[in-house]
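Dear colleague,

I am handing over the model we spoke about, and the sequence and coordinates are shown just below. Could you read the notes that follow with the structure open beside them?

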Amino acid sequence: CLVFGSLIAPTDPITVLNLLKRRRVPRNLETTMAGESLLNDGIAVVLFAVLTEVARAGHSGENMAAPEILLLFGREAGGGVALGLLLGFLVFQLLRRVDNYPLEILLTVSLVMGGYALAQAIGSSGLLAVVVAGIIIGNLGKSRAMSETSRANLEIFWELVEELFNAVLFVLIGLEALLISFRADILVLGLMLVPVVLLVRLLAAGVPITLLRRRYQLPRRTGLFLTWAGL
């Protein structure tokens, strides 16, 4: 079941990306996989929030019309992206005015924690807000607002945070194995789902990558990589 679960719903790209680094694959392939994982995580959280609200309304005897569902989705996704753009730009301006790497690290930590909390408070996606803000700081901030020393220390700090949270994540996943009921019907369903998921991945990831591979100079068989990685 854990094998099937890891194929159908991987939690994080770290295992796949570590394998790619050891194999020394092109950098843009790593970036494509990590970016797709972030996008999928953000959209999945938004859809989960929307479906949860629809289920809650149905349980209480209310019926949500299509415009209400679209408005809820727009508030979660659009609001999160807009807030991320705003906060990312504000912190970018602050980073341009300081040259003190401890302070710059604190600013990015405040951006993540404060941005997520603010997005949740206004009913938007905190994950999307933080991802968008992080893209701004990771690109504009690092290249135009930080010294080499600040950039190096910031990368070390966030790599350490990433490793710490990934360690905690996989420990919790291991503990979840204690709650799994290993029954024959679950194993059969898992085997049936594997080819279905691979086919969906091939269509959803392989087709766009094949069409855009030359434009973005992606390596050959990037679509197959994305299909099997399942991120």
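Helix 3 and helix 4 (residues 66-96) pack at an angle of about 145°, and their axes are 10 Å apart; helices here are DSSP runs of H or I with at least four residues, strands would be runs of E with at least two, and both are numbered from the N terminus. The axes are lines fitted to C-alpha atoms, for helices over the stretch in contact, and the angles run from 0 to 180 degrees between N-to-C directions. This is a predicted model, in which local features need pLDDT of at least 70 and side-chain atom pairs count only at pLDDT 80 or more, while totals for chains, interfaces and linings use all residues. Residues are numbered from 1 along each chain as its sequence is written, and side-chain values use heavy atoms, with hydrogens and water left out.

On the helix 3 side the contact (heavy atoms within 4.5 Å) involves V46, L47, A49, V50, E53 and V54, which meet I69, L72, F73, E76 and A77 of helix 4. Sorted by class, this contact has 9 nonpolar residues, no polar ones and 2 charged ones, where Ala, Val, Leu, Ile, Met, Phe, Trp, Tyr, Cys and Pro count as nonpolar, Asp, Glu, Lys and Arg as charged, and the others, Gly among them, as polar.

Helix 3 (residues 27-59) also packs against helix 6 (residues 126-144), here at an angle of about 155° and with the axes 8 Å apart. The two helices are therefore roughly antiparallel, given that angles over 145 degrees count as roughly antiparallel, under 35 as roughly parallel, 65 to 115 as roughly perpendicular, and the rest as oblique. Helix 3 passes helix 6 in a left-handed crossing, and the contact is formed by L38, D41, G42, V45 and V46 from helix 3 together with L127, L128 and V131 from helix 6. By class, that contact of helix 3 with helix 6 holds 6 nonpolar, 1 polar and 1 charged residues.

I43 is likewise placed in helix 3; at 30% relative accessibility it counts as partly exposed, since buried means under 20% relative accessible area, exposed over 50%, and partly exposed in between (1.4 Å probe, protein chains only). Although I43 and L231 are 188 residues apart along the chain, their C-alpha atoms are separated by 13 Å.

The remaining pair to look at is helix 5 (residues 101-121) and helix 7, which pack at an angle of about 45° with their axes 9 Å apart and are therefore oblique to each other. Helix 5 passes helix 7 in a right-handed crossing, with Y101, E104, I105, T108, V109 and V112 of helix 5 in contact with T149, S150, N153, L154, F157 and W158 of helix 7. The classes in this contact of helix 5 with helix 7 are 7 nonpolar, 4 polar and 1 charged residues.

Taking helix 5 by itself, its buried residues are E104, I105, L107, T108, V109, L111, G115 and A119, and they pack against helix 4, helix 6 and helix 7. After helix 5 comes G123, whose phi is positive, near 80°.

For helix 7 (residues 148-176), the end C-alpha atoms are 42 Å apart, which agrees with the 42 Å that its 29 residues should span at 1.5 Å a residue; the expected span is 1.5 Å times one less than the number of residues. The buried residues in helix 7 are S150, R151, L154, V161 and N166. L164 lies in helix 7 as well but is exposed, with a relative accessible area of 53%, and its C-alpha atom is separated by 23 Å from that of N139, 25 residues away along the chain.

For the whole chain, the protein has 9 helices and 0 strands, and buried residues make up 32% of its 231 residues. The C-alpha trace spans about 60 × 50 × 40 Å along its principal axes, and, among contacts between residues at least 6 apart in sequence, 73% join residues at least 24 apart.

Definitions and conventions:
Left-handed = near helix turned anticlockwise from the far one by under 90°.
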